[in-house]
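Let's take a friendly walk through a protein model together. Have the sequence and the 3D view ready, and follow along one stop at a time.

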Amino acid sequence: MKLQTTIDAPDAGTPDWPMLIGGEWVPSESGAWRDVVTPARAEKVLARVPESTKADLDRAVDAATAALPAWRALHFRERGTILLRIADALEARAEDFAQLTAQDTGNALRTQARPESATLVALFRYFGGVAGEFKGTVLPAGDDQLQYTRLEPLGVVGAILPWNSPLMIAAMKLPAALAAGNTLVVKPAEDAPLTILLLAQVMSEHLPAGVLNVVTGVGETVGQAISEHPGIHKVSFTGSSEVGRIVGATAGNRLAHQSLELGGKSPNIVCPSAAAPDVIEATAEGVLLAMRFSRQGQSCTAGSRLFLHEDVHDEFLKVLVDKVSKLKVGDPLAEETDMGAIINRSQYEQVLDYIEDGKSQPGVRVALDMSRDVPEGLEGYYQGPTILAGVANDWRIAREEIFGPVLVVIPWKDEDEVVAMANDSHYGLAAFVWSRDLDQALGLAHRIESGWVQVNQGGGQVVGQSYGGYKSSGIGREFSIEGAIEGFTQTKQINVKLGR
């Protein structure tokens with residue numbers, strides 16, 4: 001496969017990037033191909049990938065099934081060593097991955113693509129290092145009994161990946177599944193498959209044939225086939241709650257294991273003490289980060305519902321708007337760019353529809369609207385940030401996941417009120433609390449119904465921590481050894497009568 005290093009390179013033809021099945025790079029049996037278009041340049045085709053069918057998925061499952069016995073039988077040290085070698089190889093090509101991520105997803109190189117490439121390396125290193133922790137226990141049941149458990153791999157894992165942060169999400173799933181002794185069939189997002197194909201290229205140089213398989217295509221065909229396939233023992237999906245319900249129902253109908261990391265509409269609560277003169281600037285920077293503006297708001301953890309205490313509401317909003325308005329929207333490959341492009345035209349237009357709906361509500365105040373700002377000289381799906389104040393918690397823009405750079409601001413007065421509003425959502429993935437009073441901050445954090453709560457920081461996600469959602473934000477945990485054990489192994493109890 002040929003890495004196209006710049007979207008503005010002279011056109012030398014559209015490269016074909018085949019998919020990986022059974023250790024070979026192959027087209028679809030149908031012979032059909034699908035264009036991959038960069039959101040950073042209108043209609044610019046980066047490459048073609050196979051438009052796969054169920055028959056291609058069947059081939060991939062057969063390859064993963066055939067590779068499973070030998071892979072699961074390896075000593076954990078061997079699997080761990082392989083993952084560590086992959087981590088070294090990924091680190092050596094970190095800039096390649098960052099450059100391709102910027103082209104494939106539209107995420108800015110400096111603020112998002114490079115950090116994502118670094119996280120990819122870190123997660124492979126982490127799971128390579130903890131491969132020996134997939135272990136059972138022995139129950140002290142007397143001298144005449146040996147009672148112990150084995151944590152065994154589930155088998156073939158089907159991983160369905162999103163387009164917003166494909167490398168980071170792949171890194172949550174792939175090394176964990178492999179460390180536990182499973183084999184993989186991976187479906188990249190149709191809008192951003194190239195980084196996953198490059199990842200497969202690097203990984204395949206260190207893995208036995210068939211341990212990793214990557215099948216490209218649309219969700220209605222390949223994703224559905226993964227959910228339905230009796231040879232796939234676990235479905236690991238990251239994406240919208242709407243699609244997650246379909247995946248979960250289909251996989252659940254055949255009693256397959258599943259984990260679902262889904263959407264969010266995360267509360268972002270600012271207490272008065274966090275807006276004191278000596279910390280207001282730092283808190284505003286943190287809120288900006290929590291909103292994931294540098295990812296164009298295309299993040300399931302985006303703190304997109306900003307609850308500002310009425311005592312500091314106007315002062316804090318002014319500081320925040322000033323900071324957000326200075327973000328540079330532009331070419332994702334440019335070093336000075338803070339925000340890149342929305343993934344595709346459909347998503348771009350959907351975000352605009354949400355903004356117009358919000359602006360039409362009585363009493364709304366448009367604190368900032370850069371939604372139609374297009375960088376001079378660029379034709380792509382670019383959109384600046386929008387902040388709408390005076391929003392009620394029951395409005396559509398406060399309840400539905402917009403997945404764009406749109407922040408809604410809701411005033412609050414007392415803690416019971418803000419906790420009730422924060423929890424009045426069918427989502428529960430992330431939350432952010434800002435207070436200099438640690439008792440207050442932790443009290444709020446403990447009452448909020450979210451799987452991941454950040455206190456006085458907008459980022460802070462650490463490799464090895466538990467990550468997953470409450471309510472409609474998902475099932476299962478990733479990012480940690482505990483989540484990997486729960487999600488990619490099954491327990492076998494063995495009881496032995498001794499002394500015979």
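**A walk through the model**

Trp-452 and Tyr-467 are both buried, where buried means under 20% relative accessible area, exposed means over 50% and partly exposed is in between, using a 1.4 Å probe and protein chains only. Before going further, note that this is a predicted model, in which local features need pLDDT of at least 70, side-chain atom pairs count only at pLDDT 80 or more, and totals for chains, interfaces and linings use all residues. Residues are numbered from 1 along each chain as its sequence is written, and side-chain values use heavy atoms, with hydrogens and water left out.

Now look at the rings. Across the whole structure, a search finds 6 aromatic pairs; rings of Phe, Tyr and Trp (its six-membered ring) pair if their centres lie within 6.5 Å, and planes under 30 degrees apart count as stacked, over 60 as edge-to-face and the rest as tilted. The ring centres of Trp-452 and Tyr-467 are 5.9 Å apart and the planes meet at 85°, so this pair is edge-to-face. Trp-452 sits in strand β18 and Tyr-467 in the loop between β18 and β19, so the pair ties together parts 15 residues apart in sequence. Helices (H or I, at least four residues) and strands (E, at least two) are DSSP runs, numbered from the N terminus. Ring pairs also join Phe-432, Trp-452, Tyr-467 and Phe-479 into a cluster.

Glu-261 lies in strand β11 (residues 257-261). Is Glu-261 buried or exposed? Its relative accessible area is 4%, so Glu-261 is buried. An unreviewed UniProt entry gives Glu-261 the annotation "active site"; such annotations may be inferred rather than shown by experiment, and UniProt positions are given in the numbering used here, with feature names shortened.

Next, the backbone. Most residues other than glycine have a negative phi. Gln-296 is not a glycine, yet has a positive phi of about 60°, and Asn-456 likewise has a positive phi of about 60°. Gln-296 is in the loop between α9 (280-290) and β13 (305-309) and is buried at 0% relative accessibility. Asn-456, in the loop between β18 (452-455) and β19 (474-475), is partly exposed at 39%.
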